[in-house]
Amino acid sequence: MTVSLVRFESETQWGWGVRQGDRLLSHDVWAGLSTGEIVRLGLAALRAAAGSGDCTVFDLSQVRILSPITRDQQLTFQVGNYRSHLREVGVSNPDAAPNVFFSKAVSALTGPQDALHIPDGVRLLDYEVELGLVMGHHVDRPVTVAAHQLSHFVAGLVLVNDISARDLQIADGQYFHGKSHRGFCPVGPYLVLLEETEFSLLDQLQLRLWVNGELRQSSSVRDMVHAPPAALTHLSAAIDLHPGDLIATGTPGGCAIRAPKVAIQKLLNLLPDRMKLRGFIAAQARSGRYLKVGDIVTAAIATPNGEIDLGTQRTEVLA
């Protein structure tokens with residue numbers, strides 16, 4: 001059975017707690033631990049500590065929930081990993097899309113209820129609900145990960161919103177700057193640790209995101225081109241992964257960004273690069289789908305029966 005961890009701060013304490021309904025059971029020895037340190041304790045030890053009677057009990061509604069990913073961990077994101085999203089940005093054969101990754105600055109991390117401030121000059125602020133894998137073990141060599149081996153590497157799951165300034169991203173011709181501004185990576189509310197048998201439920205997870213109550217994104221993990229085992233296999237060939245590191249696995253269709261119609265693309269291609277960029281940004285801005293001051297973004301990931309529930313984010317967009 002899953003264990004939901006919450007990283008929080010209150011007037012008297014900050015640290016980690018095991019969620020039980022509307023309560024948090026927090027042990028003093030968990031204060032100040034990184035994500036990697038808390039997951040290395042393991043499910044059995046966390047359950048035992050929470051049931052020992054030595055914990056302080058907090059009301060979940062009375063604490064500030066922090067990102068369950070701490071700033072000493074790596075943030076790695078998959079690009080265009082859902083068929084529905086690849087189609088909406090103009091990819092004609094999604095199943096042939098390469099397995100591409102980028103990183104985000106850790107200063108982009110923020111909590112699941114914190115406000116999002118639009119950076120000066122950004123016109124095309126987009127949202128991307130994503131399933132995050134949280135590593136449970138070190139990987140320091142190439143490995144081939146089969147589906148039934150996922151629990152050997154991954155400790156649990158988190159909800160992520162990959163906020164993107166599309167105008168900066170497109171102008172730069174790369175991902176890091178346009179996706180790494182402060183506040184561009186809301187994570188949480190829960191870090192859900194799974195039993196080995198529960199990893200078989202990943203395909204049932206439903207990802208949803210609303211803007212001002214309008215459902216914009218809705219899909220399941222089955223829409224992925226490169227599933228989590230393929231992501232780990234690909235990454236391990238090049239980089240080390242550590243307990244607590246985050247791997248966000250892409251977003252489904254329904255983002256604000258859209259590929260221009262074929263006729264418009266042909267016209268834009270006739271223009272100099274600078275005019276082409278201005279024309280694209282102006283056309284995107286007219287869609288009315290990008291985030292603006294006052295918008296409320298809500299995101300959730302769960303299985304239909306609630307057996308795995310990563311909680312709900314609520315992000316208010318401010319100037």
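A pocket here is an open set of points on a 1 Å grid over the protein atoms alone, where a 1.4 Å probe fits, with protein on both sides within 12 Å along at least five of seven lines; lining residues have an atom within 4 Å of a point. A volume is the space filled by probe spheres set on the points, which are joined across faces, edges and corners.

This is a predicted model, where local features need pLDDT of at least 70 and side-chain atom pairs pLDDT 80 or more, while totals for chains, interfaces and linings use all residues. Residues are numbered from 1 along each chain as its sequence is written, and side-chain values use heavy atoms, without hydrogens and water.

**Stop one: the largest pocket**

Select V89, Q169, I170, Y175 and I257. Of the 30 lining residues, these are closest to the centre of the largest pocket. Its space comes to about 620 Å³.

Next, show β6 (75-79), α3 (83-88), β7 (100-103) and α4 (166-172), the elements that each give two or more residues to this lining. Helices (H or I, at least four residues) and strands (E, at least two) are DSSP runs, numbered from the N terminus. The largest share, three residues, belongs to α4.

Colour by class: the lining has 14 nonpolar, 10 polar and six charged residues. Nonpolar means Ala, Val, Leu, Ile, Met, Phe, Trp, Tyr, Cys and Pro; charged means Asp, Glu, Lys and Arg; the others, Gly among them, are polar.

**Stop two: the second largest pocket**

Select M1, T2, V3, S4 and R19. They lie nearest the centre of the second largest pocket, which 15 residues line. Its volume is about 320 Å³.

Now show β1 (3-9), β2 (14-20) and α2 (43-50); each supplies at least two lining residues. β2 has the largest share, three residues. By class, this lining holds five nonpolar, five polar and five charged residues.
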